[in-house]
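Dear colleague,

Here is the structure we spoke about. My notes follow it.

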Amino acid sequence: MASGEAEMPWHAGEEAVQRMLHVPRLDNPTSLFLSPYAANLLVRSPLLALGALDSKSRPWTTIWGGKAGFSRAVSNTVIGLQSTVDRSFDPVLETLLGTKADGEVVRDRGPGRMVGGLAIDLETRRRVKLYGRMVAGSLVATERGAGEVQMAVKIEQSLGNCPKYLNKKHVIPHIPQPKLVSKELPLPQQAIDLIAKADLFFISSSNHDRDMDTNHRGGPPGFVRILSNDESGLVIVYPEYSGNRLYQTLGNLNTTPLAGLVFPDFDTGDVLYITGTTEILAGEKAANLIAHTNLAVKIRVEAARFVSEGLPFRGVTGEFSPYNPPVRYLSTEERLGITSTEKMIYAKLINRKILTPDIGCFRFRIADPQKTSKWRPGQYVALSFKNELDIGYSHMRDDDPKSLNDDFSRTFTVSSPKPTTDTYDEFEITVRKVGPATEHLFQHNLRDPLDVPILGFGGEFFIKQDSREHIAFIAGGVGITPLLAQIEGLDMTRFQLLWMARSSDLALVLDTFTKYPGLAKATRLFVTGRVHTTSESWQRLEASEAKLTNGRITSDDFAGLIPTRWYLCTGPTLRNSILKWLEGKTVVYEDFNY
C-alpha cells in the first residue's frame with residue numbers, strides 16, 4: 001500500500017509500474033486510518049490473511065480465523081484479534097510472537113513490526129486491505145500443535161478492494177492438527193498438487209521496511225503454473241489479471257522483489273507457505289512465457305513449509321467468479337498442441353456462406369502458408385480477434401465480466417478436407433454464433449478486408465477406419481465438423497452417422513448431404529424441436545436416404561449397432577449420457593464443448 005506522506009501518495013515503485021503500464025494519473029484512494037467500511041467488514045469477515053517480514057526481511061503470509069467476529073476494531077486506529085492457530089509451523093506467527101506458547105505478552109519496542117492484512121469474506125466476495133504495526137500479542141497452547149493467539153495491531157492504512165476473481169467459499173472453523181510434511185525444495189508431489197488445483201492464494205510484499213501489502217489473487221483452478229520443481233529450484237508464475245490499476249503489490253515488487261505466498265487447501269486444511277524472489281514480466285516477456293498474457297509475476301522460491309491440516313478452518317466451494325478467464329498455459333506446455341512461429345501469420349476471410357441465422361461456413365486464405373504448419377483434417381485452428389474486438393481497459397464490466405480478461409483467441413475445427421494440391425493455403429470453418437468472435441464473423445462487411453492472426457493449428461481428433469472395420473460417428477449440431485474434414489477417406493458401407501440437430505439447423509444438414517453424396521444413406525438423423533413436416537426442408541430430408549427421427553437420441557437407438565469404434569463430438573451433457581450407454585466400447589472424443 002502507499003506511503004502515508006500526504007505530499008507523496010504513491011511510492012516510487014508504484015509510480016514506476018503505473019508508468020510502465022501507461023496508467024493515467026490517478027489519486028491514491030488509501031485511507032490513512034481504519035475506515036468505517038474497513039471496520040465493518042473486518043468484524044464480518046471469517047478470514048484474515050496476515051503478512052510479516054522475518055529476521056532475513058523475507059515476507060511470509062498466513063491465514064487466521066474460521067468464523068466472523070474473531071477480529072474487530074478496538075478504535076479507529078487499533079484492531080484486536082483472537083484466533084485458533086497452528087502454533088508449531090506458522091511462519092508469520094513465529095515471526096511476530098516467537099515459538100513460546102505460555103501466554104506471555106510480547107510487546108514490540110519502537111514503532112512495532114510491520115503487519116500487512118486482508119480481511120476477506122469469500123462468500124459475499126468482499127475484502128479490505130489493512131496495514132499497520134503490531135502493538136502486542138500472546139500465544140497459549142490449547143491442543144497438540146494448536147494454540148490461541150491474541151494480538152493488537154495499530155492500523156495506519158486501509159483500502160477496500162473489488163470483488164473480482166473471488167471464488168465463493170463457505171468457511172467453517174476447524175481445530176488444526178499440524179504436521180510438517182516438508183520444508184525442503186523441491187516440493188513433494190502433494191504440495192505441487194495443491195498449487196495445481198488452487199483457485200486462490202494470498203500474497204504479501206513490502207516497500208523495503210517502510211510499508212507492507214497483503215492481498216488476494218484468484219482465478220480458475222490451475223491459474224498458477226509451475227515452471228520447475230527440481231534440483232534447479234522451484235519456480236512458479238501467475239498471470240496478473242485486469243484490476244483496479246493501482247498496482248500496489250507490483251509497486252512493492254518493483255522496489256523490493258520479494259514475496260511471501262500462502263496456498264490454502266479448503267478441503268483438507270493442508271497449507272503451503274513459500275517465500276522467494278520475484279520478477280515482473282510485462283508485454284512480450286509475459287506473452288512468451290504464458291500464452292495470451294500481457295502481465296505476469298514469476299517467483300523463484302527460496303524457502304517453503306508444507307503443513308498438513310495446519311489451517312484453523314475448512315471451506316465449501318461455491319460459485320466461481322464470473323470474471324475468471326480460462327486457464328492460461330505456459331508456452332512450453334503446448335496445451336492446445338498449437339505450433340508457434342516467429343512471425344505473425346494472417347488469415348484473410350475470403351468467403352462466407354450463412355446456412356441459418358446461427359450457423360455459417362467461413363473460408364480463409366493464409367497469407368504465408370509456408371510459415372505455418374500444414375494443417376491436417378481433424379485439427380483445429382486458433383485465431384486471434386483481439387485487434388477487432390478488444391475495447392481497452394475497464395475495471396468492472398458486469399454485463400460481460402469475462403471480456404475484461406478475454407484475449408479474444410478462439411479455436412475452431414477445420415471443416416474443409418485435405419486440399420487436392422499441396423499448398424494448404426486455404427481452410428474453412430463451420431461455426432455456430434455463440435459469442436463476440438463468431439458474431440463478428442457473421443456481421444463483418446466482406447467488402448472490407450478482415451485479416452486475423454493465426455496462432456496455429458492443433459489437435460488430433462483423427463478418424464481411423466481399418467480394413468473391414470465398422471465405425472460410427474455421433475455428432476451434436478455443429479459437432480459434425482470434424483467428420484466433414486475427413487469424410488472423403490471413409491468407406492460409407494462400413495460407416496454409421498448418428499446426428500442430433502435442432503429443427504432450426506436443418507439447412508446445415510441439407511448442405512452437408514449435398515456436399516457429400518452417400519452420407520445420407522449412412523445417417524440416422526435425430527431432429528429436436530418442432531418439425532414442420534410440410535416444409536421444403538423436411539420434404540427434402542424425407543426424399544434423402546437418411547433415417548429420420550423427430551426427437552432426441554436415447555440409449556435404445558444403439559441397440560443392434562455393430563461398430564467396433566465410436567467417435568463422439570457433442571455437447572458435454574449428451575456426451576456424458578452416451579459414454580454411459582457405450583460403457584465398455586472403444587470411444588474416441590475430444591472436448592470441443594459445442
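Two strands count as paired if DSSP finds at least two bridges between them. In strand 17, the bridge partner of Val235 is Arg300. Please note that this is a predicted model.

Strand 14 covers residues 233-239, and seven of the seven are buried, so the rest of the structure largely encloses it. Gly233, Val235, Val237 and Pro239 point one way. Leu234, Ile236 and Tyr238 point the other way. Both sets are buried.

Strand 14 pairs with strand 13 (residues 225-230) in the antiparallel sense, over five bridges. A hairpin of two residues joins strand 13 to strand 14. Ser228 is the residue opposite Val235 here. Strand 17 (residues 295-308) also pairs with strand 14 in the antiparallel sense, again over five bridges.

**Arg217**

Is Arg217 buried or exposed? Arg217 has a relative accessibility of 15%, so it counts as buried. The cut-off for buried is under 20%. Arg217 belongs to strand 12 (residues 212-218). Its side chain makes a polar contact of 3.1 Å with the side chain of Glu240. Leaving aside neighbours within four places in sequence, the contacts of Arg217 are Asp199, Leu200, Phe201, Ile203, Phe223, Tyr238, Glu240 and Thr249.

**Aromatic residues**

Phe266 sits in the loop between strand 15 (258-264) and strand 16 (271-282), and Phe313 in strand 18 (residues 313-317), so the pair ties together parts that are 47 residues apart in sequence. Phe266 counts as buried because its relative accessibility is 6%. Phe313 is buried too, at 0%.

A further pair is Phe461 with Tyr567. Their ring centres are 6.3 Å apart and their planes are at 65°, so the pair is edge-to-face. Phe461 is in the loop between strand 24 (451-458) and strand 25 (471-476), while Tyr567 is in strand 29 (residues 565-569), so this pair ties together parts that are 106 residues apart in sequence. Phe461 and Tyr567 are both buried.

**Helix 1**

Helix 1 spans residues 12-20, and Gly13, Glu14, Val17 and Gln18 are buried in it. These residues cover an arc of only 135° around the axis, so they are on the same side of helix 1. Ala12 and Arg19 are exposed on the other side. What covers the buried residues? The cover includes helix 5 (248-255) and strand 16. His22 follows helix 1 and has a positive phi, near 60°.

**Backbone points to check by eye**

Where is the cis peptide bond? It joins Leu185 and Pro186, with omega about 5°. Pro186 lies in the loop between strand 10 (179-182) and helix 4 (189-197).

Tyr165 is in the loop between strand 8 (146-161) and strand 9 (169-173). With 8% relative accessibility, Tyr165 counts as buried.

His208 is not a glycine either, and its phi is positive at about 55°. The loop between strand 11 (200-206) and strand 12 holds His208. His208 is partly exposed, with a relative accessible area of 37%.

Best wishes

Definitions and conventions. Residues numbered from 1 in each chain as written. Predicted model: local features only at pLDDT ≥ 70, side-chain atom pairs only at ≥ 80, totals over all residues. Heavy atoms only, no water. Helix = DSSP H or I, 4+ residues; strand = E, 2+ residues; numbered from the N terminus. Buried < 20%, exposed > 50% of the residue type's maximum accessible area, 1.4 Å probe, protein only. Phe/Tyr/Trp six-rings, centres within 6.5 Å; stacked < 30°, edge-to-face > 60°. Polar contact = N/O pair within 3.5 Å; in protein donor to acceptor, adjacent residues only side chain to side chain. Contact = heavy atoms within 4.5 Å. Arc of directions from axis to C-beta.
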